[in-house]
Structures are given as C-alpha cells and as structure tokens.
Amino acid sequence: MAKKQFKAESKKLMELMINSIYTNKDIFLRELISNASDAIDKLHYKSLTDTSIKVDKSDFNIKVNIDKDKRQLIISDNGIGMSKDDLESNLGTIAKSGSSLFKEENEKKKDIDIIGQFGVGFYSAFMVASKVEVISKAYGAEKAYSWSSEGIAGYTTKECVKDSYGTDVILTIKNNDDNNYDKYLDVNEIKSLIKKYSDYITYPIKMMIPESKKKEGTDEYETVDEEKVVNSLVPLWKRNKSKITEEEYQTFYNDKFDDYEKPMKYIHFSNEGLISFNALLYIPSHAPYDYYTKDYEKGLQLYSNGVLIMEKCSDLLPDYFSFVKGIVDSPDLSLNISRETLQQDKVLQKIATNIEKKIKKELENMLKNDRETYEKFFDVFGLQLKVGLCNNFGMDKEKLQDLLLFHSSNSDKYTSLEEYVTRMKDTQDTIYYACSESIDKASMLPQTEVAKNKGYEVLYLTEYGDEFVMQTIFEYKGKKFANVCASEALDTKEEKEELNKINEENKDMFETMKKAIGEVEKVRFTNHLSKHPVCLTSEGAISAQMEKFMRAMPNSNDIKANMILEINESHPIAEKLKKLYKKDKKELENYSKILYAQARLIEGLPIDNPTELSNLICKELS
Ligand code: ADP
C-alpha cells in the first residue's frame with residue numbers, strides 16, 4: 001500500500017524525536033498513558049450527557065502489556081477510540097495549534113524550547129520504537145482501523161479487526177545501541193515508570209505481573225502472571241500534601257500542561273466548609289508562546305469529584321492572574337454545568353473568589369520571603385499585572401498595586417511602592433518617577449538629576465504604559481505621583497515665585513517664540529536644569545512619554561501632549577535669546593525652532609519636519 005506523507009512540521013518533530021534530543025526517553029510512556037486517559041475521559045464525559053452511550057464507569061481501564069518475543073510494548077485503552085479520519089488527522093499531523101508556530105519559530109529558537117511549548121505527545125513513541133502501530137475503533141463505529149509507521153518515511157492506514165471500542169498502541173521497541181532499550185520490555189522497569197510518571201491517572205492501569213505461587217497441593221512454587229493495578233488511583237490533588245514529592249508535582253505539571261520546563265511555583269490547597277474543593281495551581285516559569293496575544297485562553301481544569309467537566313474554565317481566574325494553570329475539583333459542582341450556566345453558578349463564583357485570594361496571598365508571600373523568585377516571576381508576568389491594574393478604570397488597583405516592582409535611583413534592584421514610601425524623607429510628599437526607553441536614559445534625564453540632587457528617589461519607568469499605571473493608582477498611601485519632567489514638579493514655593501517673576505518679565509519674548517514653534521502650549525524659563533539648555537515638560541494628563549505610548553496604539557495619532565518648552569535660565573542661551581528678541585526677531589524665530597527640535601530629540605520624540613530643521617541648523621552653522 002502506498003505510504004502517506006506526514007505534514008512537514010510533524011516530520012520535523014518526528015526527526016527530533018527519532019534523533020532523540022531528549023535524554024529522558026522514559027517520558028514516552030507517560031505521554032501514551034496520558035493520551036489513553038484523555039480518551040477515556042472523553043468517552044466518560046460524553047456518556048454523562050448522551051444517554052445512548054451505555055458504559056460502565058467501573059470498566060474503564062488502561063492496560064500495559066509486554067511481548068518480549070516480538071519486542072512489543074502495548075498500551076491499550078477502552079476510551080472513545082478513533083475513526084479512520086481521526087487517525088489521519090490526529091496522528092498524521094501535530095494536533096495542536098502549535099504546529100504552525102512550530103514552523104515559524106523553528107528557525108529562531110532552539111528546537112527544544114518550541115517543543116516544550118506544546119508537548120511532544122504521541123510522536124515521543126518514536127524515541128524508543130522502530131515501528132508504531134495504532135489499532136483503534138471509535139465508540140459506536142462498526143469498523144476498526146490501523147495506522148502504522150516506521151518513521152519519517154510516512155504512514156499507512158487500513159481497515160482491520162478489533163472487537164471492542166478503544167485504542168491499542170503497539171510499539172516495536174528498538175534494538176539496543178548506545179542506549180538500553182531492552183529495559184522497556186522489562187515488567188518491573190515499566191511498572192516503576194508508571195509509578196513514577198503516571199501514578200495520578202484516575203483510571204486503573206493494569207499490568208500482568210509475575211507472581212510466585214505455591215502449586216496446589218505441593219510445596220513447590222511456580223510463577224504465574226496475574227493482572228494487577230499498578231497505580232494508586234487517587235488524583236494527585238486529592239492526596240495528602242505531606243506525602244507528595246517535588247518530583248511528583250513537577251511531573252504532573254509537565255504532563256498536564258504540556259510544558260517541559262519546571263513550574264516556578266505550585267500552590268496546593270483545599271477548602272472545607274460550605275463549599276469544599278481541592279485546587280492544585282501552578283505558576284509557569286515562562287510565558288506560553290501566545291501569552292500576550294488574543295489567542296491565549298486562560299482557565300483552570302474543572303473537575304467534579306474526579307470527573308473532568310471542563311478543560312478550561314475561564315471564570316475561575318481573573319484576567320490579571322490568567323497565567324496561572326491548574327486544576328479545581330469540587331464535589332459541590334453539578335455535573336451538567338455548561339458554559340452558559342457557569343457564570344450564574346454561585347458555587348463556582350465562590351470558588352473563584354477563593355482562588356483569587358489564595359493566588360494573591362501566595363504572590364505576596366513570595367515577594368516577602370522569596371524575593372529572587374518573585375523578581376523572576378515579575379520579569380515574566382509583571383506586564384500582565386500592570387495591564388490588569390489599568391483595566392476597568394483601575395477597579396482592581398488595590399489588589400494589585402503592592403505586587404508591582406519598579407527600577408529606581410535607590411539601587412540597581414527592584415523596589416515596590418511600599419519600599420519606596422518607607423524610604424521617603426519627612427519633607428517629601430510626592431512619589432517621583434521618570435519615563436524613558438531604558439533605565440539608563442531615565443537616569444540621565446536632566447530632571448532626574450535635579451530630583452536626585454534634592455534627595456528624592458526616582459522610579460524609572462521604562463515600559464510603554466507604565467505612566468498609565470501611575471495615573472491609575474493616582475495616590476498611594478496618601479502620596480501623589482509626579483513625573484519629574486512635569487512642570488514645577490520639583491519646585492519649592494520660593495523657587496516657584498522667583499521663577500514666575502522672571503517669566504512674567506519675558507512674557508512677550510516667549511509669545512514670539514511660541515508663535516514661531518507653533519506646536520507648544522507655552523515657552524518659559526526654568527531653574528531645574530543644571531547643565532542642559534532645554535527640555536520639554538507637559539501640563540495636563542498627557543505627558544510626552546504618554547504621547548509616544550498613545551501614538552503607538554491604533555487610531556490615536558492625533559493625540560498630543562500639552563507641551564511646554566522650558567529653557568534653562570542660567571544657561572548662556574537664555575541671554576542670547578533676550579538679545580535676539582531686542583535686535584533680530586527673525587533670528588529668534590529660527591533659534592526657537594531649533595531649540596524645540598532639540599528638546600524633542602532628548603525626549604525621544606519624532607521631528608515632524610527634519611528637512612526644515614536641517615536647513616535651519618546649516619544656516620546657523622554657516
Ligand atoms: P495531544 O497533546 O493532543 O495529546 P498527541 O500527539 O499526543 O497530542 O495526540 C494527538 C491526538 O491523537 C490527540 O489529541 C487525540 O485526539 C488523538 N489520540 C492519541 N492517542 C489516543 C488514544 N489512545 N485514543 C484516542 N485518541 C487518541
């Protein structure tokens with residue numbers, strides 16, 4: 001029969017499997033058992049809503065058998081099974097949406113990263129098998145089909161005979177080379193792999209185990225194979241915390257959530273009382289590839305007394321904690337809960353509130369007691385917390401503001417707002433921040449220097465939108481926020497008065513300059529700038545950095561900050577301008593335009609008419 005070709009990305013994944021980039025080949029068994037368990041879950045779940053499906057829950061099981069002579073390891077389940085089309089589409093291509101990403105990202109990243117993002121699944125069988133055969137009969141179907149492949153060359157499918165519904169995966173184990181593959185044909189070895197990686201599976205995993213038995217009526221012993229259940233059947237999240245090893249928590253995470261990296265943290269807890277539930281939550285150590293896109297679906301797996309009722313229940317997590325993965329199991333949930341009725345479900349709402357509180361508490365503890373991990377966490381998911389804080393007009397800011405970290409002039413380490421406030425001097429009543437693309441640039445802004453000279457600590461905001469966060473928080477422990485670049489943010493009363501006087505005296509000159517520039521709200525002298533000749537400040541809610549942020553968003557190009565051009569009153573340029581105002585107004589106009597352009601450049605803002613500017617500068621130079 002003609003071989004069919006694998007889809008390109010499947011082929012690539014398979015190559016990786018065959019050439020075994022994983023040193024830990026053992027995990028293939030976990031993957032296949034997990035698929036078998038999923039298939040039973042699917043049938044079980046279907047039977048709850050479809051009365052035509054007659055299955056007995058107690059019959060569900062997974063069998064793992066060894067045929068040493070044929071070098072075969074066989075994993076069988078009585079789950080939902082696959083039709084011919086299912087076999088083709090599920091096993092001929094990577095089922096996950098990750099496949100297209102796999103293609104694109106492949107060139108850029110290390111292969112292993114990409115696989116880690118969506119799991120190796122079925123193809124991992126090729127790490128240990130020279131041939132893989134799948135025999136399957138879909139529940140309710142009349143015919144069974146087989147799928148068979150010896151590697152990248154392709155696969156064949158054909159009709160075959162199978163008595164009952166479900167799937168057998170038959171691996172022909174490779175011959176030993178540098179690796180010992182024989183161990184996958186050893187009963188005890190397989191048994192201990194199941195214990196190690198698949199113990200939490202909720203269906204019985206049965207194996208034929210040789211037992212030494214007394215022959216009837218004699219004193220002699222003989223070895224008889226007996227079918228035994230080798231897993232403990234209690235789901236991990238229902239087990240006693242003190243009896244679960246780190247490795248078990250990790251393996252479970254890797255398997256359930258298709259991530260090959262260790263989780264950053266797990267949170268295992270239960271709630272007793274009016275509503276009881278068990279929850280096992282994880283914070284990943286990296287953001288999933290699609291995390292910051294609209295394709296990402298948040299949610300926790302929802303179980304009702306051990307039966308999976310929803311793969312991703314989004315109502316259990318607030319958006320700002322959407323990075324959390326995990327499982328919730330409650331006997332108080334009704335089995336036929338549907339997506340439509342979920343939102344009205346009181347039990348579910350209570351569980352969600354509980355979970356949110358618990359996550360918050362754990363993050364706070366981590367921030368306090370395990371700063372290093374928390375900073376790593378913040379580097380990965382901090383942006384999500386900030387977005388969450390700004391959403392819904394800051395409705396959740398109280399919950400989130402203490403979880404934020406910032407860079408600051410205090411040290412090269414992160415600081416929280418609370419820590420900033422405890423360092424504030426008695427005379428300081430405002431939390432100062434400076435915005436720029438990088439910490440370096442923010443620290444070198446002329447206004448930052450002024451603030452530091454006055455003994456104030458300055459937070460360095462380097463991400464687009466950071467200033468929104470500050471404006472949303474608005475007030476923290478009774479302290480207002482101020483951008484060091486905003487006008488007068490740093491002045492004392494006397495300084496303000498003196499400056500007002502000088503500005504009043506030169507008001508007509510500034511009017512001329514303002515007209516020449518066109519785009520600014522005001523031109524004035526300042527006494528903040530120690531060395532720099534000019535800077536831009538703003539009045540009102542939109543600062544220069546905010547303008548940049550808003551311009552980067554669609555449909556908001558016409559948004560402009562109310563800019564003020566400030567000129568260093570003690571810089572020689574100030575005297576020069578005064579002179580020009582008396583003698584040469586035309587020249588004053590040119591100077592104004594150049595100074596304004598300079599100030600925009602320092603702020604990292606674009607120049608609207610670079611040619612005009614270039615001509616002006618050349619004219620002055622020559
Ligand atoms: P996944 O991460 O989706 O499990 P796999 O590559 O392991 O990816 O499997 C691909 C698909 O093949 C599964 O999503 C499932 O639909 C199907 N499949 C695999 N094993 C079985 C099985 N034992 N019974 C029924 N379907 C299966």
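Cys 485 is buried, with a relative accessibility of 8%; buried means under 20% relative accessible area, exposed over 50% and partly exposed in between, for a 1.4 Å probe and protein chains only. The model is predicted: local features need pLDDT of at least 70, side-chain atom pairs count only at pLDDT 80 or more, and totals for chains, interfaces and linings use all residues. Residues are numbered from 1 along each chain as its sequence is written, and side-chain values use heavy atoms, without hydrogens and water.

**Cysteines**

A disulfide is a covalent bond between the sulfur atoms of two cysteines. Here it is counted as a pair of cysteine sulfur atoms within 2.5 Å, and the count comes to zero disulfides. Cys 435 is in no disulfide.

**Helices H2 and H7**

Helix H2 (residues 27-49) packs against helix H7 (residues 246-256) at an angle of about 60 degrees, and their axes lie 11 Å apart. H2 is therefore oblique to H7, since angles under 35 degrees count as roughly parallel, over 145 as roughly antiparallel, 65 to 115 as roughly perpendicular and the rest as oblique. Arg 30, Glu 31 and Ser 34 of H2 meet Thr 251, Asn 254 and Asp 255 of H7, where contact means heavy atoms within 4.5 Å. By class, this contact has no nonpolar, three polar and three charged residues.

Methods:
Axes are lines fitted to C-alpha atoms, for helices over the stretch in contact, and angles run from 0 to 180 degrees between N-to-C directions. Helices (H or I, at least four residues) and strands (E, at least two) are DSSP runs, numbered from the N terminus. Ala, Val, Leu, Ile, Met, Phe, Trp, Tyr, Cys and Pro count as nonpolar, Asp, Glu, Lys and Arg as charged, and the others, Gly among them, as polar.
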